[in-house]
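Subject: structure handover

Hi,

Here is the model I said I would pass on.

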Amino acid sequence: MTETGTELEGHGGDLALAALRARGVSAMFTLSGGHVFPLYDAAHTTGFPLIDVRHEQSAVFAAEATAKLTRRPGLAVLTAGPGVTNGVSGVTSAKFNGSPVVVLGGRAPQMRWGAGSLQEFDHVPVLAPVTKHAATVTDINALAADVGAAADLALTPHRGPVFLDLPMDVVFDRATSRIEPPAVPALLEADPAEVARAATLIASAERPVLVAGSDVYAGSAELALVAAAEALRVPVISNGQGRGCIPADHPLAFARARGAAFTSADVVVVVGTPLDFRLGFGTFGDAQVVHVVDSPTQRAGHVATAAAPVGDLAAILTAFADHTGPRTDHEDWITSLRDLEDAARHRDLDVLTAETDPIKPARIYGELRNVLARDAVVICDGGDFVSYGGRYLDSYTPGCWLDPGPYGCLGTGAGYAIGARVARPDAQVCVLFGDGAAGFSLMDVESLVRQKLPVVMVVGNNGVWGLEKHPMQAVYGYDVAADLQPGLRYDDVVRALGGAGETVQKPGDLGPALRRAFDAGVPYLVNVLTDPTDAYPRSSNLA
């Protein structure tokens with residue numbers, strides 16, 4: 001391979017990787033497959049990080065984690081046929097989360113298409129509904145440009161995954177191509193009148209609330225968020241990866257007073273997240289709703305909004321901060337919510353320190369609060385158990401919270417952990433597993449061990465599918481298909497795969513076990529046996 005300026009001669013793998021490196025892609029996640037050997041060759045010969053996993057879904061989740069944490073494209077390379085289809089749930093999660101993931105798929109050769117080559121399957125119709133763009137690259141001379149354009153599109157609001165199929169006879173071919181620099185994402189300029197209307201509603205409201213969603217972080221709008229909240233004196237509630245965009249200990253950050261805020265507010269401003277089941281489908285009593293999104297595709301069609309600015313979130317929030325019109329004093333409102341917040345947090349102390357036998361899930365989070373750093377990357381993979389995490393863990397630093405998002409796909413944990421450790425090599429990485437969710441991806445601990453990627457895993461092990469068992473009992477008076485083996489030794493699984501771990505049955509043993517886990521320097525699983533009768537007090541309507 002030779003390179004002169006921006007001209008590159010090489011096979012399809014060289015050209016694709018060069019286009020992606022120019023766009024800040026920092027690692028390739030994959031599961032070995034012959035259809036995509038040139039991409040591996042390109043990585044190997046240039047010292048580009050190549051991380052392989054035990055299931056293609058984990059490769060896509062790892063790529064999504066790097067995309068979320070770096071705000072640059074994440075890269076998954078999947079071999080043909082089942083390699084691609086195994087990754088579809090991960091791609092769909094990235095679509096729902098607005099994550100800029102580039103998926104390159106192997107494909108049977110064009111020259112023999114229809115003759116029955118190994119794993120011959122047209123992936124594009126499968127991927128098209130769950131990506132911003134899905135296509136087959138049919139010309140080696142267009143490959144670099146097509147890959148670069150796809151990555152640029154993934155980063156353009158509203159962000160999301162893209163998919164390109166690379167037939168074997170294209171990706172193994174050679175060409176000389178120009179590696180173009182990345183295009184600057186086109187940021188939509190919001191209608192000034194609509195922005196002013198929204199700012200006036202917030203300023204004149206008596207009880208405004210602002211909800212900060214994942215796109216606030218994705219759009220690098222966290223500083224503008226804090227500036228807007230401080231200038232307009234608006235309480236802020238965080239959602240998804242919006243957590244940490246305003247530190248949990250900021251005077252205008254609220255979490256435990258969320259219900260009261262939504263019930264009593266007269267204006268609710270939702271920024272950078274859909275008006276979906278996580279937010280009561282956009283219904284907040286009699287409150288007027290302002291929905292701020294980065295693309296017209298994200299506008300809510302099921303809610304009548306009082307204002308709906310569309311455009312670059314940082315620019316819109318900065319305009320809110322710069323609003324000079326009349327404003328209502330919000331201090332009594334802020335004080336009333338702070339009193340509720342403080343009272344709720346004081347009540348939490350009982351469950352966070354409970355000495356019950358068996359252990360209540362909340363006690364685990366009471367101990368985690370003592371050992372997690374302010375910039376720890378917290379990964380959630382589960383139902384009831386991780387719902388407690390969302391309730392009791394605070395976020396202080398932008399870009400440190402990774403949950404599955406509104407698609408709710410289990411199995412994100414190990415892949416997110418791999419991607420997080422690659423993206424944040426010096427941070428604490430802590431994965432919260434429900435015991436059901438652990439079954440989806442725990443074999444990828446072998447990938448963590450083999451590639452020396454230490455993370456801490458905490459399993460809330462109640463031996464049931466809690467999110468289904470308790471509701472089914474309430475509806476039918478019985479439950480089926482909702483039990484797992486009680487007391488299963490997930491730590492033994494991790495040890496068998498080369499990591500370390502232990503099982504905890506007593507509350508007093510939790511703190512020392514977690515400290516050992518974070519000090520171990522290897523993949524370490526703390527398997528906590530919890531009360532199977534404990535059900536998360538869920539109030540949201542999921543449908």
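Before the rest, the ground rules. This is a predicted model, so local features need pLDDT of at least 70 and side-chain atom pairs count only at pLDDT 80 or more, while totals for chains, interfaces and linings use all residues. Residues are numbered from 1 along each chain as its sequence is written, and side-chain values use heavy atoms, with hydrogens and water left out.

The overall picture

The chain has 22 helices and 20 strands. Both are DSSP runs numbered from the N terminus: helices are H or I with at least four residues, strands are E with at least two. The radius of gyration is 24 Å, close to the 24 Å that the globule rule gives for 543 residues, so the chain is as compact as a globular protein of that length. That radius is taken over C-alpha atoms, and the rule is 2.2 Å times the number of residues to the power 0.38. Along the principal axes, the C-alpha atoms fill a box of roughly 70 × 60 × 45 Å.

Of the 543 residues, 57% count as buried. Among contacts between residues at least 6 apart in sequence, 75% join residues at least 24 apart, where contact means heavy atoms within 4.5 Å. The accessible surface comes to about 20,800 Å², and 54% of it belongs to carbon and sulfur atoms; the areas come from the Shrake-Rupley method with a 1.4 Å probe, and for residues only the protein chains shown count as cover.

On charges, there are 41 positive and 61 negative side chains, yet the centres of the two sets lie 3 Å apart. Lys and Arg count as positive, Asp and Glu as negative, and His and the chain ends are not counted. Each charge is placed at NZ of Lys, CZ of Arg, CG of Asp or CD of Glu.

Buried spots

Helix H5 (residues 88-97) has seven of its 10 residues buried, so it is largely enclosed by the rest of the structure. Those buried residues are Val88, Gly90, Val91, Thr92, Ser93, Ala94 and Asn97. They pack against helix H3 (56-70), helix H4 (82-85), strand S6 (101-107), helix H6 (124-127) and helix H17 (412-423). Gly98 follows H5 and has a positive phi, near 65 degrees.

Asp491 sits in helix H21 (residues 490-496), and at 0% relative accessibility it counts as buried. What does the side chain of Asp491 make a polar contact with? The partner is the side chain of Thr503, at 2.8 Å. A polar contact is a pair of N or O atoms within 3.5 Å; within protein, one must be able to donate a hydrogen and the other to accept it, and residues adjacent in sequence count only if both atoms are side-chain atoms. Leaving aside neighbours within four places in sequence, Asp491 is in contact with Gly501, Glu502, Thr503, Leu525 and Asn527.

Val36 is in the loop between strand S3 (28-30) and helix H2 (37-46) and is buried at 1% relative accessibility. Not counting residues up to four places away in sequence, Val36 touches Val77, Leu78, Thr79, Gly105 and Gly106. The C-alpha atoms of Val36 and Pro167 are 131 residues apart along the chain but separated by 9.0 Å.

Loops and backbone geometry

Pro486 lies in the loop between helix H20 (466-476) and H21, and at 73% relative accessibility it counts as exposed.

Two cis peptide bonds to check in your viewer:
- Pro157 to His158, with omega about -5 degrees; His158 is in the loop between helix H7 (140-155) and strand S8 (162-167).
- Asp357 to Pro358, with omega near 10 degrees; Pro358 is in the loop between helix H14 (331-352) and helix H15 (361-371).

Ser220 has a phi of about 55 degrees; Ser220 is in the loop between helix H10 (214-218) and helix H11 (222-232) and is partly exposed at 45% relative accessibility. Arg233, from the opening question, has a positive phi near 55 degrees and is found in the loop between H11 and strand S11 (236-238).

Cheers

Methods
Buried means under 20% relative accessible area, exposed over 50%, partly exposed in between (1.4 Å probe, protein chains only).
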